[in-house]
Amino acid sequence: MTRELTPEHRAELDALIVDRRMTLDELIGWLSEREYSISRSSLHRYASNFEERLVQLSEAKERASAILDRFSGKPATALAEGASMLMQDLIMKKLLETESLDADTDIVELAHALAKLETSGVGRERLKVQWDKGITAGSMAVKANLRRELEKEPDLMRRMLDLVERAEAEARAV
């Protein structure tokens with residue numbers, strides 16, 4: 001009688017596959033001891049698919065780590081942008097691997113996810129523009145106030161305006 005693996009047995013089998021100490025025949029024996037029946041080809045297919053998913057997860061983890069490294073110390077919008085890039089890459093890869101673009105539910109869900117990522121990207125860009133406008137307006141206001149207050153001290157005013165311009169440049173660099 002063929003039955004579905006329990007979550008515990010599936011986890012054990014997956015660990016044994018990753019461990020690579022057992023042959024397919026030994027894995028079939030291990031499953032038989034637990035009263036599971038599976039053909040050698042089915043187990044081979046399962047192990048191959050499982051290992052392929054592990055490789056994909058490892059690659060995704062590496063890309064996520066690279067994104068975190070690239071955007072560390074930057075505003076959260078940069079990190080969100082990096083995460084969106086990663087997700088868009090994964091979604092596009094999945095879409096390219098799909099043999100048929102029929103009204104498959106997974107494809108429709110991926111398309112919706114891609115559209116939501118794009119919408120969030122537009123929102124991030126809008127936020128960046130607002131940030132830039134705020135920096136410009138704040139800098140102009142500080143400079144105008146400094147000029148009024150320090151018009152009798154031109155050297156001090158020039159040094160203060162230089163400080164404001166440096167602060168503005170640093171804020172834009174973030």
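Let's start inside helix α3 (residues 40–71), where Tyr46 and Phe50 sit four residues apart and are therefore separated by about one helical turn. Helices here are DSSP runs of H or I with at least four residues, strands are E runs of at least two, and both are numbered from the N terminus. Before going further, note that this is a predicted model, in which local features need pLDDT of at least 70, side-chain atom pairs count only at pLDDT 80 or more, and totals for chains, interfaces and linings use all residues. Residues are numbered from 1 along each chain as its sequence is written, and side-chain values use heavy atoms, with hydrogens and water left out.

Back to that pair. The structure holds one aromatic pair, and it is made by Tyr46 and Phe50: their ring centres are 6.2 Å apart and their planes are at 10 degrees, so the pair is stacked. (Rings of Phe, Tyr and Trp, the last by its six-membered ring, pair if their centres lie within 6.5 Å; planes under 30 degrees apart are stacked, over 60 edge-to-face, and the rest tilted.) Both Tyr46 and Phe50 are buried, meaning under 20% relative accessible area, while exposed means over 50% and partly exposed is in between (1.4 Å probe, protein chains only).

Now zoom out. Of its 174 residues, 22% are buried. The accessible surface comes to about 12,700 Å², with 57% of it belonging to carbon and sulfur atoms; the areas come from the Shrake-Rupley method with a 1.4 Å probe, and for residues only the protein chains shown count as cover.

What holds the most contacts inside the largest nonpolar core? That core has 14 residues, and Leu13, Ile17, Leu27, Leu31 and Leu43 are the ones with the most contacts inside it. Helices α1, α2 and α3 are the elements that give two or more residues to this core, and α2 supplies the largest share, five residues. A nonpolar core, by the way, is a set of buried Ala, Val, Leu, Ile, Met, Phe, Trp, Tyr and Cys residues joined through side-chain atoms within 4.5 Å. Take Leu27: not counting residues up to four places away in sequence, Leu27 touches Leu13, Leu16, Ile17, Met22 and Leu43, where contact means heavy atoms within 4.5 Å. Apart from this core lies another, of five residues, among them Leu146, Met157, Leu161 and Val164.

That brings us to helix α6 (residues 154–173), whose 20 residues reach 28 Å from first C-alpha to last, close to the 28 Å expected at 1.5 Å a residue; the expected span is 1.5 Å times one less than the number of residues. Met157, Leu161, Val164 and Glu168 are buried in α6. They cover an arc of only 60 degrees around the axis, which puts them on the same side of α6; the arc is that of the directions from the helix axis to the C-beta atoms. On the face turned away from this buried side, α6 carries the exposed residues Arg159, Arg166, Glu170 and Ala173.

Finally, look at the loops. Arg20, in the loop between α1 and α2 (24–33), has a positive phi of about 60 degrees although it is not a glycine. Glu35, in the loop between α2 and α3, also isn't a glycine, yet has a positive phi of about 65 degrees.
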